[in-house]
Amino acid sequence: FDKEKWGKQLLPLTRLWEKMKENKVLLSAPPSGASATSTSIMNFVQMECRYAHDLVTLVDTQMHEIGRVVRGKSVLTPSLRTITSVLSNGGVPERWQEKWEGAETIDGWMKGICDRTVALSKWYAAAEAGTLLTAPLDMSELFHPERFLNALRQETARQTNCAVDELALTCSWKDDRHPPSPSSRMDVYESSVILSS
């Protein structure tokens with residue numbers, strides 16, 4: 001393998017990662033576990049923050065190892081060779097893609113995990129303050145938006161003393177947010193929804 005050529009291909013990527021992780025939120029410790037009084041929404045946000053932290057840590061650890069190999073301070077292992085082969089072609093390593101299926105290009109994928117991790121720190125602050133559901137939510141900032149909808153359903157059932165099975169998700173494409181629908185048990189405003197079939 002041509003180490004010099006390989007290094008030239010991967011050095012810009014390691015520098016890009018270093019630049020992205022300048023935001024201290026990315027590698028800060030995730031929030032602690034749920035308490036007995038935590039809501040379903042808060043539990044979801046905490047789990048999503050931990051997931052983001054674990055994903056960023058995985059990428060950071062492997063990018064650090066790649067950087068060490070590029071600088072000649074470490075040897076290239078077979079597993080790292082597989083990862084670097086994909087990265088040098090602009091792709092996302094399979095192990096990373098299994099954790100989160102984001103963009104197909106590595107720079108877009110890394111930007112996606114960084115953007116979501118930073119956004120989740122804001123979700124956490126809002127959830128902790130009890131204001132998360134008072135402003136429009138951008139579900140594209142989540143790794144698992146479907147789990148958020150389930151947590152919202154559980155929270156709605158708890159707040160309204162209604163069985164989860166009796167609840168139905170309804171939506172309106174109108175932009176007028178007030179007054180709430182008379183049949184609505186809990187209103188949440190969402191932005192940036194992408195639907196697919």
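**Cysteines and an aromatic cluster**

With sulfur atoms required to lie within 2.5 Å of each other, the structure contains zero disulfides. The model is a predicted one. A disulfide is a covalent bond between the sulfur atoms of two cysteines.

The mean pLDDT of the chain is 84, and 83% of its residues reach 70 or more. Helix H4 has the highest confidence, at 95, whereas strand S2 (residues 190–191) has the lowest, at a mean of 58.

Six aromatic pairs are found in a search of the whole structure. A pair of aromatic rings is described by the distance of the centres and the angle of the planes. For Trp 100 and Phe 143, the ring centres are 5.4 Å apart and the planes stand at 85°; because angles over 60 degrees count as edge-to-face, this pair is assigned to that class. Trp 100 is located in the loop between helix H4 (94–99) and helix H5 (106–129), and Phe 143 in the loop between strand S1 (137–138) and helix H6 (145–160), so their contact ties together parts that are 43 residues apart in sequence. Trp 100 and Phe 143 are both buried. These two residues also belong to one aromatic cluster, formed by Tyr 51, Trp 96, Trp 100, Trp 109 and Phe 143.

Terms used:
Residues are numbered from 1 along each chain as its sequence is written. This is a predicted model: local features need pLDDT of at least 70, side-chain atom pairs count only at pLDDT 80 or more; totals for chains, interfaces and linings use all residues. Side-chain values use heavy atoms; hydrogens and water are left out. Rings of Phe, Tyr and Trp (its six-membered ring) pair if their centres lie within 6.5 Å; planes under 30 degrees apart count as stacked, over 60 as edge-to-face and the rest as tilted. Helices (H or I, at least four residues) and strands (E, at least two) are DSSP runs, numbered from the N terminus. Buried means under 20% relative accessible area, exposed over 50%, partly exposed in between (1.4 Å probe, protein chains only). pLDDT is the predictor's confidence in each residue, from 0 to 100.
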